[in-house]
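I opened the notebook to record what I looked up in this structure. The entries follow the order in which I worked.

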Amino acid sequence: MGDQNREAGCLCGAVRIEISGAPAVMAYCHCESCRAWLGAPVHAASLWPTPNVTVVEGEDRLGVFKRTEASHRHFCTTCGAPVLIRHPTLGLTDVPAGSISKLSFEPTVHVHYGTKVLSIRDGLPKFKDFPADFGGSGDTLPE
Ligand SMILES: [Zn+2]
Ligand SMILES: [Zn+2]
């Protein structure tokens, strides 16, 4: 994980973002909100300090959906692709790892494994909800 700038964006190319520095954390999220938003069994999350993530093109094309105030989900209003999730209370922005160029996805943890629909046997810690230092129970589950 070097310090080179990375690019991400939506499916149609209307929205482009640039990301600098290194991610604060990379993780799999199994929560129902991520699964429903992506239509996928698991979310490959990469969380960056919010100032490191800049929308460089198509900001006016971004729609936002807030199921809760903890997660502001931004998507392209032209193609519908997920672009990024702002977490204002954490000061972090999540960019779906699969959309980032030149990113080697190296997750260290699973969160919300208690609501998983896909089991992953990779030896990483599996939190039932969240680690305690992120406001969760800190409980872990078997794979
Ligand atoms: Zn688009
Ligand atoms: Zn989630």
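This is a predicted model: local features need pLDDT of at least 70, side-chain atom pairs count only at pLDDT 80 or more; totals for chains, interfaces and linings use all residues.

I began with Cys10, which I count as buried because its relative accessibility is 11%.

Together with Cys12, Cys76 and Cys79, Cys10 coordinates the zinc ion (ligand 1) through SG atoms, at 2.3 to 2.4 Å. I noted the spacing of the donors along the chain as C-x1-C-x63-C-x2-C. Cys10 sits in the loop between β1 (6–9) and β2, and Cys76 in strand β7 (residues 71–76), so this pair ties together parts 66 residues apart in sequence. I also checked Cys76, which is buried because its relative accessibility is 1%.

I then asked which geometry the four donor atoms adopt around the zinc ion (ligand 1). The arrangement is tetrahedral, because the donor atoms subtend angles of 106 to 116°. For reference, the ideal angle for four tetrahedral donors is 109.5 degrees.

The largest nonpolar core has 19 residues, of which Val15, Ile17, Ile19, Val83 and Val95 touch the most other members. I listed the elements that give two or more residues to this core: β2 (16–19), β5 (53–57) and β8 (82–87). In soluble globular proteins, nonpolar side chains tend to be buried together.

I searched for aromatic pairs and the count came to two. Tyr28 and Phe105 form an edge-to-face pair, 5.4 Å centre to centre with 85° between the planes. This pair links distant parts of the chain, 77 residues apart: Tyr28 is in strand β3 (residues 25–29), and Phe105 is in the loop between β9 (92–96) and β10 (109–111). I count Tyr28 as buried because its relative accessibility is 18%, under the 20% cut-off. Phe105, at 26%, counts as partly exposed.

The other pair I recorded is Phe130 with Phe134, edge-to-face at 6.3 Å centre to centre and 70° between the planes. Phe130 is partly exposed at 26% relative accessible area, and Phe134 is partly exposed at 44%.

My last entry concerns a charge over a ring: Lys126 lies over the face of Tyr113, 5.7 Å from the ring centre.

Terms used: Residues are numbered from 1 along each chain as its sequence is written. Chains are lettered from A and ligands numbered from 1 in the order in which they are written. Side-chain values use heavy atoms; hydrogens and water are left out. Rings of Phe, Tyr and Trp (its six-membered ring) pair if their centres lie within 6.5 Å; planes under 30 degrees apart count as stacked, over 60 as edge-to-face and the rest as tilted. Helices (H or I, at least four residues) and strands (E, at least two) are DSSP runs, numbered from the N terminus. Buried means under 20% relative accessible area, exposed over 50%, partly exposed in between (1.4 Å probe, protein chains only). A charge sits over a ring if NZ of Lys or CZ of Arg is within 6 Å of the ring centre and within 35 degrees of the ring normal. A nonpolar core is a set of buried Ala, Val, Leu, Ile, Met, Phe, Trp, Tyr and Cys residues joined through side-chain atoms within 4.5 Å. Donors are N, O and S atoms within 2.8 Å of the metal (3.2 Å for Na, K and Ca); water is not among the atoms, so sites may look incomplete. Four donors count as tetrahedral if all angles lie between 85 and 135 degrees; four count as square planar and six as octahedral if opposite donors are over 155 degrees apart and all others between 65 and 115; anything else is irregular.
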